[in-house]
Amino acid sequence: MGSAWRWQLSRSMRLVLRWCRQQRGGRGGGSRTQISSRLLELWSYSKLLLHSLCYNSLADSDTLLDCVFEPIIWIVDSLTRWFGVAFVCLVVLLTSSVVIIVYLFVIPTIISTYPVHWAAWHLSCGHWLLLMITFHYYKATTTSPGHPPKNKLNTPSVSICKKCVTPKPPRTHHCSICNVCVLKMDHHCPWLNNCVGHFNHRYFFSFCLYMTLGCIYCSISSWEMFLEAYNAVESYNQTPPPDHSFGGSTAHKCIIFLWVLTSSVSVALGGLTLWHARLINRGETSVERHINRKETKRLRERGKVFRNPHHHGKIKNWKLFLGVETRRHWFTRVLLPSSHPPNGDGIVWDCTFNRRYFIAV
Ligand SMILES: [Zn+2]
Ligand SMILES: [Zn+2]
(Lines give C-alpha, C1' and ligand atoms only; values in the text may rest on other atoms or scores of the structure.)
(Ligands and ions follow the chains in the order given, each with its own letter.)
Protein backbone atom coordinates (compact mmCIF):
# COMPACT_ATOMS: atom_id res chain seq x y z
CA MET A 1 0.00 0.00 0.00
CA GLY A 2 2.77 2.45 0.99
CA SER A 3 4.96 1.83 -2.07
CA ALA A 4 1.92 2.18 -4.42
CA TRP A 5 1.16 5.58 -2.91
CA ARG A 6 4.75 6.74 -3.35
CA TRP A 7 4.90 5.53 -6.92
CA GLN A 8 1.61 7.27 -7.82
CA LEU A 9 2.73 10.49 -6.16
CA SER A 10 6.12 10.69 -7.87
CA ARG A 11 4.52 9.83 -11.26
CA SER A 12 1.95 12.67 -10.87
CA MET A 13 4.69 15.08 -9.85
CA ARG A 14 6.86 14.17 -12.86
CA LEU A 15 3.93 14.63 -15.25
CA VAL A 16 2.96 18.02 -13.79
CA LEU A 17 6.52 19.38 -13.86
CA ARG A 18 7.07 18.14 -17.42
CA TRP A 19 3.82 19.80 -18.54
CA CYS A 20 4.80 23.07 -16.81
CA ARG A 21 8.19 23.06 -18.54
CA GLN A 22 6.54 22.42 -21.90
CA GLN A 23 4.10 25.28 -21.34
CA ARG A 24 6.89 27.71 -20.41
CA GLY A 25 9.35 26.69 -23.14
CA GLY A 26 6.96 26.06 -26.05
CA ARG A 27 4.96 29.32 -26.09
CA GLY A 28 7.67 31.85 -25.25
CA GLY A 29 6.04 33.08 -21.99
CA GLY A 30 2.93 35.19 -22.68
CA SER A 31 1.23 36.68 -19.60
CA ARG A 32 -1.82 34.36 -19.88
CA THR A 33 0.39 31.29 -20.14
CA GLN A 34 2.44 32.44 -17.13
CA ILE A 35 -0.71 32.85 -15.00
CA SER A 36 -2.11 29.42 -15.95
CA SER A 37 1.33 27.87 -15.37
CA ARG A 38 1.52 29.51 -11.96
CA LEU A 39 -2.01 28.30 -11.08
CA LEU A 40 -1.14 24.78 -12.21
CA GLU A 41 1.99 24.85 -10.09
CA LEU A 42 -0.01 26.00 -7.07
CA TRP A 43 -2.57 23.24 -7.69
CA SER A 44 0.15 20.60 -7.87
CA TYR A 45 1.78 21.90 -4.67
CA SER A 46 -1.62 21.86 -2.89
CA LYS A 47 -2.18 18.28 -3.99
CA LEU A 48 1.29 17.32 -2.83
CA LEU A 49 0.69 19.02 0.53
CA LEU A 50 -2.64 17.20 0.96
CA HIS A 51 -1.10 13.85 0.06
CA SER A 52 1.84 14.34 2.39
CA LEU A 53 -0.52 15.29 5.25
CA CYS A 54 -2.76 12.25 4.66
CA TYR A 55 0.08 9.83 3.85
CA ASN A 56 0.62 7.00 6.31
CA SER A 57 2.56 3.84 5.53
CA LEU A 58 0.33 1.92 8.04
CA ALA A 59 -2.92 3.01 6.31
CA ASP A 60 -4.92 0.15 4.81
CA SER A 61 -8.56 -0.80 4.15
CA ASP A 62 -9.11 -1.42 7.91
CA THR A 63 -8.05 2.17 8.65
CA LEU A 64 -10.50 3.45 6.04
CA LEU A 65 -13.34 1.36 7.54
CA ASP A 66 -12.38 2.59 11.03
CA CYS A 67 -12.63 6.20 9.81
CA VAL A 68 -16.05 5.60 8.18
CA PHE A 69 -17.50 3.90 11.28
CA GLU A 70 -15.76 6.22 13.77
CA PRO A 71 -18.88 8.40 14.46
CA ILE A 72 -21.12 5.32 15.00
CA ILE A 73 -18.55 3.67 17.28
CA TRP A 74 -18.21 6.94 19.19
CA ILE A 75 -21.99 7.10 19.81
CA VAL A 76 -22.17 3.42 20.90
CA ASP A 77 -19.12 3.82 23.18
CA SER A 78 -20.53 6.99 24.76
CA LEU A 79 -23.89 5.29 25.37
CA THR A 80 -22.16 2.24 26.91
CA ARG A 81 -20.08 4.56 29.13
CA TRP A 82 -23.24 6.37 30.26
CA PHE A 83 -25.22 3.13 30.70
CA GLY A 84 -22.31 1.78 32.78
CA VAL A 85 -23.14 4.22 35.60
CA ALA A 86 -26.86 3.34 35.35
CA PHE A 87 -26.06 -0.42 35.37
CA VAL A 88 -23.89 -0.11 38.50
CA CYS A 89 -26.74 1.77 40.23
CA LEU A 90 -29.15 -0.98 39.11
CA VAL A 91 -26.90 -3.76 40.52
CA VAL A 92 -26.63 -1.91 43.87
CA LEU A 93 -30.39 -1.19 43.93
CA LEU A 94 -31.49 -4.76 43.10
CA THR A 95 -28.97 -6.36 45.49
CA SER A 96 -30.03 -3.99 48.28
CA SER A 97 -33.72 -4.73 47.64
CA VAL A 98 -33.06 -8.49 47.88
CA VAL A 99 -31.09 -8.03 51.14
CA ILE A 100 -33.85 -5.84 52.63
CA ILE A 101 -36.58 -8.38 51.72
CA VAL A 102 -34.50 -11.23 53.20
CA TYR A 103 -33.98 -9.26 56.45
CA LEU A 104 -37.64 -8.23 56.69
CA PHE A 105 -39.42 -11.44 55.72
CA VAL A 106 -37.14 -14.48 55.21
CA ILE A 107 -34.83 -14.33 58.27
CA PRO A 108 -37.72 -13.82 60.81
CA THR A 109 -39.51 -16.85 59.28
CA ILE A 110 -36.32 -18.97 59.43
CA ILE A 111 -35.65 -18.01 63.07
CA SER A 112 -39.24 -18.68 64.16
CA THR A 113 -39.76 -21.99 62.31
CA TYR A 114 -36.35 -23.73 61.99
CA PRO A 115 -34.39 -25.47 64.80
CA VAL A 116 -31.52 -23.43 66.27
CA HIS A 117 -28.70 -25.22 64.42
CA TRP A 118 -30.46 -24.81 61.03
CA ALA A 119 -31.18 -21.13 61.72
CA ALA A 120 -27.50 -20.61 62.71
CA TRP A 121 -26.34 -22.33 59.53
CA HIS A 122 -28.66 -20.16 57.40
CA LEU A 123 -27.51 -16.95 59.08
CA SER A 124 -23.80 -17.87 58.71
CA CYS A 125 -24.08 -19.00 55.08
CA GLY A 126 -26.23 -16.02 54.04
CA HIS A 127 -23.93 -13.45 55.64
CA TRP A 128 -20.77 -15.12 54.29
CA LEU A 129 -22.22 -14.95 50.75
CA LEU A 130 -23.30 -11.33 51.25
CA LEU A 131 -19.80 -10.40 52.45
CA MET A 132 -18.11 -12.12 49.48
CA ILE A 133 -20.49 -10.52 46.94
CA THR A 134 -20.09 -7.02 48.38
CA PHE A 135 -16.30 -7.27 48.71
CA HIS A 136 -15.67 -8.64 45.20
CA TYR A 137 -18.12 -6.25 43.51
CA TYR A 138 -16.52 -3.26 45.23
CA LYS A 139 -13.00 -4.44 44.31
CA ALA A 140 -13.96 -5.30 40.70
CA THR A 141 -15.46 -1.84 40.08
CA THR A 142 -12.78 0.19 41.85
CA THR A 143 -9.59 -1.72 40.91
CA SER A 144 -7.85 -0.56 37.73
CA PRO A 145 -7.43 -3.47 35.27
CA GLY A 146 -3.85 -2.31 34.54
CA HIS A 147 -2.41 -0.38 31.59
CA PRO A 148 0.90 -0.64 29.71
CA PRO A 149 3.57 1.76 31.00
CA LYS A 150 3.97 4.93 28.94
CA ASN A 151 7.35 6.32 27.89
CA LYS A 152 9.15 3.26 29.27
CA LEU A 153 11.89 1.73 27.18
CA ASN A 154 12.41 -2.02 26.79
CA THR A 155 8.71 -2.88 27.21
CA PRO A 156 8.15 -6.36 25.74
CA SER A 157 5.52 -5.89 23.05
CA VAL A 158 3.92 -7.75 20.20
CA SER A 159 2.49 -4.77 18.29
CA ILE A 160 1.73 -1.06 18.41
CA CYS A 161 -1.72 0.23 19.40
CA LYS A 162 -3.10 2.30 16.52
CA LYS A 163 -5.23 4.40 18.89
CA CYS A 164 -2.75 5.04 21.73
CA VAL A 165 0.34 4.83 19.44
CA THR A 166 2.20 2.96 22.19
CA PRO A 167 3.70 -0.57 22.33
CA LYS A 168 1.24 -3.33 23.25
CA PRO A 169 2.65 -6.05 25.57
CA PRO A 170 1.45 -9.65 25.02
CA ARG A 171 -2.26 -10.19 25.91
CA THR A 172 -2.90 -6.41 25.92
CA HIS A 173 -5.85 -5.02 23.94
CA HIS A 174 -7.34 -1.58 23.39
CA CYS A 175 -10.73 -0.83 25.00
CA SER A 176 -12.64 1.61 22.81
CA ILE A 177 -15.03 2.48 25.66
CA CYS A 178 -12.30 3.38 28.18
CA ASN A 179 -10.13 4.57 25.24
CA VAL A 180 -7.00 3.01 26.72
CA CYS A 181 -4.94 -0.18 26.34
CA VAL A 182 -5.69 -2.78 29.04
CA LEU A 183 -3.27 -5.48 30.26
CA LYS A 184 -4.60 -9.05 29.72
CA MET A 185 -7.91 -7.57 28.65
CA ASP A 186 -10.90 -9.89 29.04
CA HIS A 187 -13.79 -7.56 28.18
CA HIS A 188 -15.41 -4.24 29.10
CA CYS A 189 -18.15 -4.96 31.64
CA PRO A 190 -21.02 -2.42 31.73
CA TRP A 191 -22.28 -3.98 35.01
CA LEU A 192 -18.99 -2.92 36.63
CA ASN A 193 -18.55 0.20 34.47
CA ASN A 194 -14.94 -0.95 34.23
CA CYS A 195 -12.69 -3.05 32.06
CA VAL A 196 -11.89 -6.56 33.22
CA GLY A 197 -8.14 -7.06 32.94
CA HIS A 198 -5.03 -8.38 34.68
CA PHE A 199 -5.52 -6.70 38.09
CA ASN A 200 -9.30 -7.17 38.57
CA HIS A 201 -10.04 -10.39 36.62
CA ARG A 202 -10.11 -12.50 39.83
CA TYR A 203 -12.44 -10.01 41.56
CA PHE A 204 -14.80 -10.10 38.56
CA PHE A 205 -14.90 -13.90 38.42
CA SER A 206 -15.31 -14.26 42.21
CA PHE A 207 -18.15 -11.73 42.13
CA CYS A 208 -19.93 -13.72 39.37
CA LEU A 209 -19.39 -16.98 41.27
CA TYR A 210 -20.56 -15.73 44.68
CA MET A 211 -23.46 -13.78 43.21
CA THR A 212 -24.64 -16.96 41.43
CA LEU A 213 -24.25 -18.99 44.65
CA GLY A 214 -26.05 -16.27 46.64
CA CYS A 215 -28.95 -16.19 44.18
CA ILE A 216 -29.21 -20.02 44.15
CA TYR A 217 -29.17 -19.96 47.96
CA CYS A 218 -31.95 -17.31 48.14
CA SER A 219 -33.99 -19.06 45.46
CA ILE A 220 -33.87 -22.46 47.22
CA SER A 221 -34.37 -21.01 50.73
CA SER A 222 -37.41 -18.98 49.74
CA TRP A 223 -39.05 -21.67 47.56
CA GLU A 224 -41.70 -22.69 50.12
CA MET A 225 -42.41 -19.07 51.04
CA PHE A 226 -42.73 -18.27 47.34
CA LEU A 227 -45.37 -21.03 46.86
CA GLU A 228 -47.36 -19.76 49.87
CA ALA A 229 -47.10 -16.14 48.67
CA TYR A 230 -48.09 -17.06 45.13
CA ASN A 231 -51.21 -18.94 46.31
CA ALA A 232 -52.10 -16.11 48.69
CA VAL A 233 -51.82 -13.45 45.94
CA GLU A 234 -53.91 -15.62 43.63
CA SER A 235 -56.67 -15.88 46.28
CA TYR A 236 -56.49 -12.08 46.90
CA ASN A 237 -57.00 -11.49 43.18
CA GLN A 238 -60.02 -13.82 43.06
CA THR A 239 -61.67 -12.50 46.27
CA PRO A 240 -60.21 -9.10 47.28
CA PRO A 241 -60.54 -8.20 51.02
CA PRO A 242 -63.46 -5.81 51.73
CA ASP A 243 -61.30 -3.16 53.50
CA HIS A 244 -58.81 -2.98 50.58
CA SER A 245 -55.92 -3.64 52.96
CA PHE A 246 -52.72 -4.52 51.07
CA GLY A 247 -50.41 -5.05 54.06
CA GLY A 248 -50.36 -8.85 53.72
CA SER A 249 -50.25 -8.87 49.91
CA THR A 250 -47.24 -6.47 49.87
CA ALA A 251 -45.16 -8.97 51.87
CA HIS A 252 -46.25 -11.76 49.51
CA LYS A 253 -45.40 -9.68 46.43
CA CYS A 254 -41.96 -8.95 47.89
CA ILE A 255 -41.34 -12.70 48.32
CA ILE A 256 -42.47 -13.36 44.72
CA PHE A 257 -40.17 -10.55 43.48
CA LEU A 258 -37.28 -12.03 45.51
CA TRP A 259 -37.75 -15.54 44.13
CA VAL A 260 -38.26 -14.50 40.49
CA LEU A 261 -35.26 -12.13 40.54
CA THR A 262 -32.84 -14.52 42.27
CA SER A 263 -33.90 -17.48 40.08
CA SER A 264 -33.49 -15.48 36.85
CA VAL A 265 -30.08 -14.12 37.90
CA SER A 266 -28.98 -17.65 38.96
CA VAL A 267 -29.64 -18.95 35.43
CA ALA A 268 -28.22 -15.96 33.50
CA LEU A 269 -25.18 -15.29 35.68
CA GLY A 270 -24.61 -19.02 36.21
CA GLY A 271 -24.20 -19.46 32.45
CA LEU A 272 -21.75 -16.54 32.28
CA THR A 273 -19.76 -17.89 35.24
CA LEU A 274 -19.51 -21.35 33.65
CA TRP A 275 -18.30 -19.76 30.39
CA HIS A 276 -15.57 -17.82 32.23
CA ALA A 277 -14.63 -20.93 34.27
CA ARG A 278 -14.14 -22.78 30.96
CA LEU A 279 -11.89 -19.97 29.68
CA ILE A 280 -9.79 -20.01 32.88
CA ASN A 281 -9.51 -23.80 32.50
CA ARG A 282 -7.96 -23.21 29.06
CA GLY A 283 -5.74 -20.33 30.19
CA GLU A 284 -7.30 -17.77 27.86
CA THR A 285 -9.38 -14.58 28.05
CA SER A 286 -12.64 -13.78 26.21
CA VAL A 287 -10.70 -11.78 23.59
CA GLU A 288 -8.11 -14.55 23.18
CA ARG A 289 -10.90 -17.12 22.76
CA HIS A 290 -11.91 -15.45 19.47
CA ILE A 291 -8.29 -14.94 18.35
CA ASN A 292 -7.28 -18.52 19.25
CA ARG A 293 -10.33 -19.98 17.48
CA LYS A 294 -9.38 -18.14 14.26
CA GLU A 295 -5.74 -19.15 14.63
CA THR A 296 -6.72 -22.82 15.22
CA LYS A 297 -8.77 -22.79 12.01
CA ARG A 298 -6.03 -21.04 10.01
CA LEU A 299 -3.32 -23.46 11.13
CA ARG A 300 -5.58 -26.50 10.67
CA GLU A 301 -5.99 -25.55 6.99
CA ARG A 302 -2.16 -25.64 6.73
CA GLY A 303 -2.01 -29.02 8.48
CA LYS A 304 -0.65 -27.55 11.74
CA VAL A 305 -1.91 -27.59 15.34
CA PHE A 306 -2.41 -24.42 17.38
CA ARG A 307 -1.05 -24.36 20.93
CA ASN A 308 -2.01 -21.70 23.45
CA PRO A 309 1.28 -20.46 25.04
CA HIS A 310 -0.59 -19.41 28.22
CA HIS A 311 -2.15 -22.81 28.94
CA HIS A 312 -0.20 -24.45 31.79
CA GLY A 313 -2.64 -27.31 32.52
CA LYS A 314 -6.05 -27.00 34.22
CA ILE A 315 -4.98 -27.05 37.90
CA LYS A 316 -2.01 -24.73 37.40
CA ASN A 317 -4.18 -22.33 35.38
CA TRP A 318 -6.60 -22.08 38.33
CA LYS A 319 -3.79 -21.69 40.85
CA LEU A 320 -2.20 -18.91 38.79
CA PHE A 321 -5.55 -17.19 38.29
CA LEU A 322 -6.61 -17.34 41.95
CA GLY A 323 -3.11 -16.63 43.29
CA VAL A 324 -3.03 -19.91 45.26
CA GLU A 325 0.51 -20.93 46.23
CA THR A 326 -0.07 -23.10 49.32
CA ARG A 327 -2.98 -25.29 50.51
CA ARG A 328 -3.89 -22.69 53.14
CA HIS A 329 -4.46 -20.14 50.36
CA TRP A 330 -7.53 -22.09 49.13
CA PHE A 331 -9.18 -21.03 52.40
CA THR A 332 -7.63 -17.59 53.00
CA ARG A 333 -7.53 -16.37 49.37
CA VAL A 334 -10.55 -18.07 47.78
CA LEU A 335 -13.14 -18.66 50.52
CA LEU A 336 -12.43 -15.41 52.39
CA PRO A 337 -12.11 -11.84 51.08
CA SER A 338 -8.50 -11.26 50.00
CA SER A 339 -6.81 -8.31 48.27
CA HIS A 340 -3.67 -10.19 47.17
CA PRO A 341 -2.30 -9.03 43.80
CA PRO A 342 -2.33 -11.36 40.76
CA ASN A 343 0.71 -13.29 39.58
CA GLY A 344 3.15 -11.18 37.53
CA ASP A 345 2.95 -7.62 36.28
CA GLY A 346 0.71 -8.32 33.25
CA ILE A 347 3.52 -7.28 30.87
CA VAL A 348 5.93 -10.22 30.92
CA TRP A 349 4.32 -13.67 30.68
CA ASP A 350 5.59 -17.14 31.43
CA CYS A 351 4.87 -19.12 28.28
CA THR A 352 4.71 -22.90 27.99
CA PHE A 353 6.90 -22.64 24.88
CA ASN A 354 9.03 -19.93 23.28
CA ARG A 355 7.22 -17.30 21.32
CA ARG A 356 8.86 -14.51 19.35
CA TYR A 357 8.24 -11.07 20.86
CA PHE A 358 10.05 -7.93 19.86
CA ILE A 359 11.40 -5.35 22.26
CA ALA A 360 10.10 -1.83 21.66
CA VAL A 361 12.81 0.81 21.99
ZN1 LIG B 1 -4.56 1.47 22.96
ZN1 LIG C 1 -13.03 -0.60 29.02
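This is a predicted model: local features need pLDDT of at least 70, side-chain atom pairs count only at pLDDT 80 or more; totals for chains, interfaces and linings use all residues.
Show its surroundings and look for Val88, Tyr137, Ala140, Thr141 and Phe204: Leu192 touches them, leaving aside residues up to four places away in sequence.

Now widen the view to the largest nonpolar core, which has 46 residues. Leu192, Val102 and Val106 are the members that touch the most others in it. Which element gives the largest share? That's α5, with 10 residues. Nonpolar side chains in soluble globular proteins do tend to be buried together.

There is another core, apart from that one, with six residues; pick out Ile177, Val180, Val182 and Met185 among them.

Next, select α4 on its own. Buried residues along α4 include Ala119, His122, Leu129, Phe135 and Tyr137. What covers them? Bring back α3, β7 (194–196), α5 and α10 (328–334), which are among the elements over the buried residues of α4.

Last stop: the zinc ion (ligand 1). Click on Cys161 (SG), Cys164 (SG), His174 (ND1) and Cys181 (SG), the protein donors, 2.1 to 2.3 Å from the zinc. Along the sequence, these donor residues follow the spacing C-x2-C-x9-H-x6-C. Check the angles between the four donor atoms too: they run from 100 to 125 degrees, so the arrangement is tetrahedral. Two of the donor residues, His174 and Cys181, are both buried.

Conventions. Residues are numbered from 1 along each chain as its sequence is written. Chains are lettered from A and ligands numbered from 1 in the order in which they are written. Side-chain values use heavy atoms; hydrogens and water are left out. A nonpolar core is a set of buried Ala, Val, Leu, Ile, Met, Phe, Trp, Tyr and Cys residues joined through side-chain atoms within 4.5 Å. Buried means under 20% relative accessible area, exposed over 50%, partly exposed in between (1.4 Å probe, protein chains only). Helices (H or I, at least four residues) and strands (E, at least two) are DSSP runs, numbered from the N terminus. Contact means heavy atoms within 4.5 Å. Donors are N, O and S atoms within 2.8 Å of the metal (3.2 Å for Na, K and Ca); water is not among the atoms, so sites may look incomplete. Four donors count as tetrahedral if all angles lie between 85 and 135 degrees; four count as square planar and six as octahedral if opposite donors are over 155 degrees apart and all others between 65 and 115; anything else is irregular.
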